[in-house]
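Colleague: I'm new to this one. Can you walk me through a few spots?

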Amino acid sequence: RLNVDFFDTFHIYENAKTLGFRHPHLSVQRPLLISLMNIPLAWLDYSKDLPGILFRGSHWIAAMVTSLFLGVAYLIFRMSFTRLWAVFGVLLLALNPMVIHYAVFAKEDMPAALLVALSFYFFLWGSPRALFIAGFFAALAMLMRYNLIPLLFPVFFLGSLASPREQRATRCFALLLLPITLFMLVPTIVYPLIGRAPLAQSLGTFVRELFMQFENHKLVYQGPLSNYGFLLNCFSSVLLLAATGLLFKQRPKHFFFHLTWLVVFFIGQTYVMFGKEVRYLIPFFIPILFLAVAGAKNLCDFPARRRWLPALLLLALTLPYLRLGVRELYRAKDPFYSQGVAKKAAEYAVRLAGDSGRIIWVGNYYPSFPKDYFFHENDQFAYIFHIHAHVIEFFARKPVGVLKGGEVYISPNYQQVDLPGTEKLLKPGDVVVASLAPPHTQTMNLPDYLPPLFVQKVKSVNPLTWQEVGQF
């Protein structure tokens, strides 16, 4: 039973509640579509007083989205391979450690991958109706993850170069004008509805906020080598199998489209985008495994007398990868995922606060993580589930204030907490949720020892001398 989710997810829940109740406050860092998807669950959770249905329901939806992603991957593989090889490709995808890891979390990662796959699946069909459906799903993909905006159109363009001349006008409308129009239409409608901007200014407001997000990503720039490490860590020896798919002259149908998909997305995410996380790479896992299936098929097409040798090589290239998938399934059994540190802290804070007490967060983001949390040192948050006021507020179902800027000192017996400069802001009966974690915690700099998340009711507020502060 999953009781944790990522820091971003709780902003998505806030946005779903905001959109559902038409409130202008919106966390613009989170894409619109994933928040819109959760509106029905948020409405049931808050309007119909069904606590927990948003959290539980969003995880069930995430699991269904991942299942659909695997189903669409099968359809894409089936367009080029026999049923047996298509199943082999889907099994490789299903056992990818990062697909397993992100499968049930209520973020935009797996929905974005599904929408990209759907868009390219209908693109490969090539009929006018299919192209319009492809453009529709491309618009949804961009609304689900904004960093897909510069990646989809080059694939459509390069994949259409060999199309008949009489289809070019249709393709331009279906694969360029339609997705851009739909992409702009959604915020144009949503922003006035929630009172964030008047109709005449809604699109301009959205575009400005969108560019702000791209500017913010520049602050977390990582070198291009990070993505090479991410792919090596989540594909292992299967990358060699994919390389063999490039070497043989016998190439399956749609080979060059998948190669285009892989190259455009890899170059865009590695050398154009600033943020580097393995979850951004999931939308092009399918073409990587397409090449792997092509390589495996070519190995098995050797003459019967010598087929044992390529079969042995195929086994050697897939076993290390399968080991990664089995290891990830084992990691998912960690009690951390069912215990829920934030949920426990919030419930305890509510019990202490009662009906009249305030809950106040103080300190830095608190990193919670499973026992085995390492994926790659440059992936900042793959297994790090940060907790802050909005996470506690979601589980507490009551407002949580934030005291900013103060350092936190706690006595060795955990009976006193010193918050310099806050004696006029707190009062007896308040409940303090204090994080003693160092600032900017991520995979590469997690401390060897992390103090527990401190939850305590204020019994008295007393100014301390500097000598007394030094005792903490």
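Modeller: A term to begin with: contact means heavy atoms within 4.5 Å. Also, this is a predicted model.

Colleague: Fine. Leaving aside neighbours within four places in sequence, what is arginine 30 in contact with?

Modeller: With that exclusion, Arginine 30 is in contact with Phe7, Asp8, His11, Ile12, Asn15 and Tyr146.

Colleague: And where is arginine 30 found?

Modeller: In the loop between α1 (7-20) and α2 (32-37).

Colleague: Is arginine 30 buried or exposed?

Modeller: Buried, because its relative accessible area is 13% and the cut-off for buried is under 20%.

Colleague: Now phenylalanine 6. Where is its place?

Modeller: Phenylalanine 6 sits in the segment before α1. Its relative accessible area is 5%, so phenylalanine 6 is buried as well.

Colleague: Which residues does phenylalanine 6 touch, not counting those up to four places away in sequence?

Modeller: Among them are His101, Tyr102, Phe105 and Lys107, and also Phe381, Ala382, Ile384 and Phe385.

Colleague: How many residues apart in sequence are phenylalanine 6 and alanine 106?

Modeller: 100 residues, while their C-alpha atoms are 8.3 Å apart in space.

Colleague: Switching to the surface. Which residues form a nonpolar patch there?

Modeller: Phe132, Phe173, Leu176, Leu177, Ile180 and Met184 form that patch, and together they have about 460 Å² of accessible area.

Colleague: Which helix gives the most to the nonpolar patch?

Modeller: Helix α10, residues 168-194, with five residues. Leucine 176 lies in this helix.

Colleague: Why does leucine 176 count as partly exposed?

Modeller: Because its relative accessibility is 33%, and partly exposed runs between the 20% limit for buried and the 50% limit for exposed.

Conventions
Residues numbered from 1 in each chain as written. Predicted model: local features only at pLDDT ≥ 70, side-chain atom pairs only at ≥ 80, totals over all residues. Heavy atoms only, no water. Patch = residues over 30% accessible without salt bridge, like charges linked within 9 Å, V, L, I, M, F, W, Y side chains within 5 Å. Areas by Shrake-Rupley, 256 points an atom, 1.4 Å probe, with all protein chains shown as cover. Salt bridge = Lys/Arg side-chain N within 4 Å of Asp/Glu carboxyl O. Helix = DSSP H or I, 4+ residues; strand = E, 2+ residues; numbered from the N terminus. Buried < 20%, exposed > 50% of the residue type's maximum accessible area, 1.4 Å probe, protein only.
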